[in-house]
Amino acid sequence: MTCTEFQQVLPDLLEGQAGGESTAHLQSCHACAELVADLRAICDEAQHLPLAEPSDRVWANIQRTLEAEGLVRTPMQAGGILFQPSRQWSPFKWLAPISAVLALAAGVFVYSNRRPTQVAVNPPVSASLPQSQAGNSGADLDDEQLLAQVAPPMRAAYADNLKSVNSFIRDAQQDLEQNPDDEEARHFLMDAYEQKETLYDLAMNRSVP
Amino acid sequence: MGTGQRVGQLAILTVVCVATLSATDTKKEFRYTVGPKPAVSIYNEYGPISVKPAEGNQVIVSAVLHSDKVEIDADQNGNRVDLKSHLLSGSTPQNSQVEYEVLVPPDASVTVRSTSGVLHVEQLAADVNIEGDSAQVEVRDINNAHVHIKTLNGPVTLTNIRYGHVEVSSVGGDITMQSVSGPLVEISSTSGRIRYDGDFGIGGEYKLTSHTGDIDATIPADASVDVTARSVKGDVQNDFPFHAKTHNSFVPVPGRSLVGTAGKAASSVLLRTFSGRIRLKKR
């Protein structure tokens, strides 16, 4: 039996239904033995996780939303079609707690390893943003993301010029609103946006390695 | 201690200092044989780049590296030559400076980019693309070519550009033009000042736009132009004897806008700012 073939019967092995061939492979292959040991450890830990059943109200809300969007049909029983707890055994049942544990572990790993580095290399961009730009609009968020990519020595210059360009756009917009039939006012607004495009181009080209 | 002795000691100290500083410098030279109309690009993180023409079919690059925290990646693919300053671990804007002096065939199209330093390109008859953050850009003596420049707040100076397709966009840098003519000249800045001194050519389109920066245009008495100048909140000043136009797309407001022609009105000139001042002067 090869390792690939072994991995195909791995769920059966974890459910205690292993055949002689897979048991023999497990005894001869160190890598597969380690994998099985790890998975069993995760399964054991997962059994201690608290199980919380969502309330009926949650299921009902989800069902109403899906019905409204036409994704499901009218429920056929009181509990709704979503709330039909299956008592049938599934060979992949064990995957759910393992996935949850692995995802949790990966999240903790990534968070604990990346967070200090990010803080050290890139201080919070909003701190370097002018007050007027620290808003929540899409454009402001784009600006914040852009500034985050700019090298720290140039960030203040970019933030200042970004502020000027946004002011240019605001003024040109107001000018066009006051003179909606003025073709030049329309071009003026386009010029303002082109200035912002220039700034974005420069910043993006700088950030490309 | 006599004055002569002091001067002597100072001279020795200066020599020692210069020798110590230059001891960390490394000079490198690259030579590439190219065909007609080659493309040359130089991407420098920090430091000046100078591009000048040379006879023959070679691209010759002299580079001075100021530390071992930066190296140069040089590559030739067919008729294209690429040079790039490659920052290494521990580099800073100070120690990763590289000074490039590049000689190219006059028909080479050139792309130059740097954050700082002077970016200088002259005497070429092919397209020039320049990008600089705070870099000072100088372009002179370019004929029959596209000249495209973008800077964040670096000043731009164009001198003697003839029959050009010129597009300059600087967010905060001043833009100065001396004897620049189209067919197309589009200059825009948000807060930088725009200055034009020339005759606006014959038959071109010129568009100078700013948000808060002033726009000054100095033109000769025999210029042939159709001028529209508008400042939304600033002043428009003029001492050029334009002829009034009878048919306009808008109603000129005295002191805020101006519409007029001179000569045969061969070139179209549009000057527009939001709150800057526009000044038209006769040379």
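Start by selecting chain A. Of its contacts with a separation of 6 or more, 52% are accounted for by residues 24 or more positions apart; two residues are in contact if their C-beta atoms, placed from the backbone, lie within 7 Å. Before you click further, some ground rules: this is a predicted model, where local features need pLDDT of at least 70, side-chain atom pairs count only at pLDDT 80 or more, and totals for chains, interfaces and linings use all residues. Residues are numbered from 1 along each chain as its sequence is written, while chains are lettered from A and ligands numbered from 1 in the order in which they are written.

**Chain A: helices and confidence**

Chain A has ten helices and zero strands. Helices (H or I, at least four residues) and strands (E, at least two) are DSSP runs, numbered from the N terminus. Buried residues are 13% of the 209 in chain A. Here, "buried" means that 20 or more other C-beta atoms lie within 10 Å of a residue's own, "exposed" means 12 or fewer, and "partly exposed" is in between, with C-beta atoms placed from the backbone.

Now colour by pLDDT, the predictor's confidence in each residue, from 0 to 100. Chain A averages 68, and 55% of its residues score at least 70.

**Next stop: helix α9 of chain A**

Zoom in on α9(A). This helix has 27 residues and reaches 39 Å from its first C-alpha to its last, close to the 39 Å expected at 1.5 Å a residue. That expected span is 1.5 Å times one less than the number of residues. Show the side chains and look for the buried ones, including Met154(A), Tyr158(A), Leu162(A) and Phe168(A).

Stay in α9 of chain A and pick Lys163(A). Is Lys163(A) buried or partly exposed? Lys163(A) counts as partly exposed because it has 17 C-beta neighbours inside 10 Å. Try the distance tool as well: its C-alpha is separated by 9.7 Å from that of Asp143(A), 20 residues away along the chain.

**Where the two chains touch**

Show both chains. You'll find 25 residues of chain A in contact with 23 residues of chain B. On the chain A side, α9 and α10 (183-207) each supply at least two residues, and α10(A) gives the most, with 13. By class, that side has eleven nonpolar, five polar and nine charged residues. For this count, Ala, Val, Leu, Ile, Met, Phe, Trp, Tyr, Cys and Pro are nonpolar, Asp, Glu, Lys and Arg are charged, and the others, Gly among them, are polar.

**Over to chain B**

Chain B has one helix and 25 strands, and buried residues make up 41% of its 283 residues.

Select strand β3 (residues 49-53) of chain B and strand β7 (residues 98-104) of chain B, which run parallel and are joined by five bridges. Strands pair if DSSP finds at least two bridges between them. Val51(B) stands opposite Val102(B) in β7(B). β3(B) also pairs in the parallel sense with strand β9 (residues 118-124) of chain B, over three bridges, and there Ser50(B) has His120(B) as its bridge partner.

Further along, strand β15 (residues 175-180) of chain B pairs in the parallel sense with strand β17 (residues 194-197) of chain B over four bridges. Find Ile175(B), which stands opposite Ile194(B) in β17(B). β17(B) runs parallel to strand β19 (residues 215-219) of chain B, again with four bridges, and Ile194(B) stands opposite Ile215(B) in β19(B).

**Last stops: the cores and an exposed threonine**

Which residues have the most contacts inside the largest nonpolar core? They are Val102(B), Val110(B) and Val128(B), in a core of 61 residues. A nonpolar core is a set of buried Ala, Val, Leu, Ile, Met, Phe, Trp, Tyr and Cys residues joined through C-beta atoms within 7 Å. Apart from it lies another core, of 18 residues, among them Leu147(A), Val165(A), Ala185(A) and Phe274(B).

Finish at Thr33(B), in strand β1 (residues 26-33) of chain B. Thr33(B) counts as exposed because it has 11 C-beta neighbours inside 10 Å.
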